[in-house]
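Biologist: Please show me the model, and let us then go through its architecture by question and answer.

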Amino acid sequence: NRVLDWLRANFWRKLTLQMAADQLGASVSSIVKALKAETGRTFLQHLHRIRTDAAKEMLAIGENSIYAIADQCGYYDPSHFSHRFTAEVGVSPLEYRKLARGR
């Protein structure tokens, strides 16, 4: 839970497993094992899910551009953001915005 809380608090930054280990006083391997055992998901899978959830909220209620939302969610390449979002949600960020707003 500490790892997931840390990810939620820092998802907008460029994050690594080593950063999480340093901040939480744990080893990289212990974080990897704990996440996999408790959730069945990897560090990156959790990070992408948290970022996607934040992006979905921003797309649904905000007016920021897709580029700005990508940056606010920790993606420094809008193309990568769009690809990850589409893989996670099944529609592009623009399509999601339209669907969420009933357009």
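Modeller: Buried means under 20% relative accessible area, exposed over 50%, and partly exposed in between, with a 1.4 Å probe and protein chains only. This is a predicted model, in which local features need pLDDT of at least 70 and side-chain atom pairs count only at pLDDT 80 or more, whereas totals for chains, interfaces and linings use all residues. Residues are numbered from 1 along each chain as its sequence is written, and side-chain values use heavy atoms, without hydrogens and water.

Biologist: Is Glu-95 buried, partly exposed or exposed?

Modeller: Glu-95 lies in helix H7, residues 93–100. Because its relative accessibility is 43%, Glu-95 counts as partly exposed.

Biologist: Which pattern does the protein follow along the sequence?

Modeller: Helices (H or I, at least four residues) and strands (E, at least two) are DSSP runs, numbered from the N terminus. The protein has seven helices and zero strands. Read along the sequence, the pattern is α-α-α-α-α-α-α.

Biologist: How is H1 oriented relative to H4?

Modeller: Axes are lines fitted to C-alpha atoms, for helices over the stretch in contact, and angles run from 0 to 180 degrees between N-to-C directions. H1 (residues 2–10) and H4 (residues 43–61) pack at about 40°, with their axes 10 Å apart. Angles under 35 degrees count as roughly parallel, over 145 as roughly antiparallel, 65 to 115 as roughly perpendicular and the rest as oblique. Therefore H1 is, relative to H4, oblique.

Biologist: How do the residues of the contact of H1 with H4 divide?

Modeller: Contact means heavy atoms within 4.5 Å. H1 contributes Val-3, Leu-4, Trp-6, Leu-7 and Arg-8, and H4 contributes Phe-43, His-46, Leu-47 and Ile-50. Ala, Val, Leu, Ile, Met, Phe, Trp, Tyr, Cys and Pro count as nonpolar, Asp, Glu, Lys and Arg as charged, and the others, Gly among them, as polar. The division is seven nonpolar, one polar and one charged.
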